[in-house]
Amino acid sequence: MRFKGRDVISIKDFTRDEIDHILKVAKEMEPLAERGSEMLRGRILATLFFEPSTRTRLSFETAMYKLGGTTIGFAEPEVSSVKKGESLADTVRVVENYADIIVLRHPLEGAARFAAEYAEVPVINAGSGAEEHPTQALLDLYTMIREAGRIDGLKVALAGDLRFGRTVHSLAYALSLYDVKLYLVSPSLLRMRREILEDIKGRIDAIETEDMEKVIPEIDVLYVTRIQRERFPDPAEYEKVRGSYRIDLETLRNAKDNLIILHPLPRTDEVSPEVDMTPYAKYFKQVRSGVIVRMALLALLLGAVE
Ligand code: NCD
């Protein structure tokens with residue numbers, strides 16, 4: 001198993017053993033997240049964000065600082081030479097002269113793969129259009145282990161925008177490497193991409209449904225997502241599905257006592273704030289896993305740990 005110098009473009013580039021190894025290294029990062037480390041002293045991370053972000057960019061930066069490294073980058077392409085018409089390929093070939101590793105978020109599917117072909121340094125996909133968000137899937141798995149004690153044997157519902165939500169694309173694939181039962185809960189307009197469904201169905205039991213109420217008593221993990229308004233080609237289509245489901249105390253009436261609710265965040269109105277006070281709500285703890293898992297990835301890709 002070798003991580004040094006690798007790109008992280010799709011979760012499909014990783015075997016279950018490799019994912020388990022990343023999660024194991026993440027666990028070892030827990031104490032370092034508290035007391036800090038000099039493991040990546042002198043190393044530079046570049047964050048190139050062509051789309052809005054709070055958690056992903058800040059958690060990568062935090063992870064780098066906690067390991068003694070430093071960061072450069074932009075969160076608004078308007079202030080970089082992209083504004084002057086510089087191509088992604090050129091931007092990447094310039095930035096790799098400054099940084100040891102690049103984290104890229106871009107509205108176009110395939111952008112991260114494209115960037116990785118040009119860059120000599122590792123490229124991490126921090127979201128490529130509606131396609132994938134592999135590091136989010138890793139932190140989601142890590143949170144399940146932390147909060148539910150395991151992944152194998154879980155019954156997991158992925159709910160909301162399974163069509164345009166990139167986090168659920170990566171997560172569905174990752175979960176299909178484990179022994180889980182998957183419920184895909186969404187309005188029919190927002191069903192899981194066919195190619196992902198075909199792919200995972202060969203490995204695990206995956207049931208598509210619109211009926212949240214029926215699924216709630218069955219599951220151990222409820223993973224809720226935001227409807228990705230910005231990705232709808234037609235605003236009228238968004239209007240048809242907006243507010244089509246909302247998790248509140250009433251929805252959770254028949255939930256198992258140890259149900260955990262996750263959400264990649266940001267949320268709009270799909271999880272009512274009254275749920276925050278319940279023991280089910282783990283989405284803010286999930287944010288912390290983001291730092292831990294990204295510390296592990298940076299250390300592995302930069303060769304500071306094996
Ligand atoms: C997600 C994203 O950017 O895909 N956010 C995140 O990274 N946690 C989810 C979303 O925007 O709904």
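Me: What makes the link between the side chains of Glu30 and Tyr142 a polar contact?

Reply: Keep in mind that this is a predicted model. The side chains of Glu30 and Tyr142 come to 2.6 Å from each other, and a polar contact is a pair of N or O atoms within 3.5 Å. The value is inside that limit, so the pair counts as a polar contact.

Me: Where is Glu30, and why is Glu30 called buried?

Reply: Glu30 belongs to helix α1, which covers residues 16–35. Its relative accessible area is 16%, and buried means under 20%, so Glu30 gets that label. Leaving out residues up to four places away in sequence, Glu30 touches Tyr142, Arg146, Arg288 and Ile292.

Me: Leu32 is in helix α1 too. Why is Leu32 called buried?

Reply: The relative accessible area of Leu32 is 12%. Buried means under 20%, so Leu32 qualifies. With residues up to four places away in sequence set aside, Leu32 touches Ser37, Met39, Leu67 and Met295.

Me: How far is Leu32 from Gly160?

Reply: In space, 35 Å from C-alpha to C-alpha; in sequence, 128 residues.

Me: Let's go to the ligand. Which residues are around the ligand?

Reply: Those around the ligand are Thr56, Arg105, His133, Gln136, Arg166, Thr167, Arg226, Gln228, Pro264, Leu265 and Pro266.

Me: How do you know that the side chain of Thr56 has an N or O atom within polar reach of the ligand?

Reply: An N or O atom in the Thr56 side chain is 2.9 Å from an oxygen atom of the ligand. As for Leu265, one of its polar backbone atoms is 3.0 Å from a nitrogen atom of the ligand. The protein covers 93% of the 320 Å² of accessible area that the ligand has on its own.

Me: What kind of space does the ligand take?

Reply: The ligand takes the space of the largest pocket.

Me: Why is Leu265 called buried?

Reply: Leu265 has 12% relative accessibility. The limit for buried is under 20%, so Leu265 falls on the buried side. You'll find Leu265 in the loop between β9 and α10.

Me: Lys214 next. Why is Lys214 called exposed?

Reply: Relative accessibility is 63% for Lys214, and exposed means over 50%, so the value is past the cut-off. Lys214 is part of helix α8, residues 212–215.

Me: Why is Ser10 called buried?

Reply: The relative accessible area of Ser10 is 7%. That is under 20%, so Ser10 counts as buried. Ser10 is located in the segment before α1.

Me: What makes the link between the side chains of Ser10 and Glu132 a polar contact?

Reply: The distance is 2.4 Å and the limit is 3.5 Å, so the pair passes. The Ser10 side chain also has a polar atom 2.9 Å from the backbone nitrogen of Lys12. Apart from neighbours within four places in sequence, Ser10 is in contact with Arg113, Glu132 and Pro134.

Me: Last one: is Asp161 buried or exposed, and how do you know?

Reply: Asp161 has 0% relative accessibility, so with the limit at under 20% Asp161 is buried. Asp161 sits in the loop between β5 (155–159) and α6 (166–175). Among the residues Asp161 touches, beyond four places in sequence, are Val168, Leu190, Thr225 and Arg226.

Me: Which backbone nitrogens lie 2.8 Å from a polar atom of the Asp161 side chain?

Reply: One is the backbone nitrogen of Phe164, and another is that of Gln228. Gln228 is also one of the residues around the ligand.

Technical notes: Residues are numbered from 1 along each chain as its sequence is written. This is a predicted model: local features need pLDDT of at least 70, side-chain atom pairs count only at pLDDT 80 or more; totals for chains, interfaces and linings use all residues. Side-chain values use heavy atoms; hydrogens and water are left out. Helices (H or I, at least four residues) and strands (E, at least two) are DSSP runs, numbered from the N terminus. Buried means under 20% relative accessible area, exposed over 50%, partly exposed in between (1.4 Å probe, protein chains only). A polar contact is a pair of N or O atoms within 3.5 Å; within protein, one must be able to donate a hydrogen and the other to accept it, and residues adjacent in sequence count only if both atoms are side-chain atoms. Contact means heavy atoms within 4.5 Å. A residue is near a molecule or strand if one of its heavy atoms lies within 4 Å of it. Accessible areas come from the Shrake-Rupley method with a 1.4 Å probe; for residues, only the protein chains shown count as cover. On a 1 Å grid over the protein atoms alone, a cavity is a set of points where a 1.4 Å probe fits but cannot get out, and a pocket is an open set with protein on both sides within 12 Å along at least five of seven lines; lining residues have an atom within 4 Å of a point. A molecule sits in a cavity or pocket if more than half of its atoms lie within 2 Å of its grid points.
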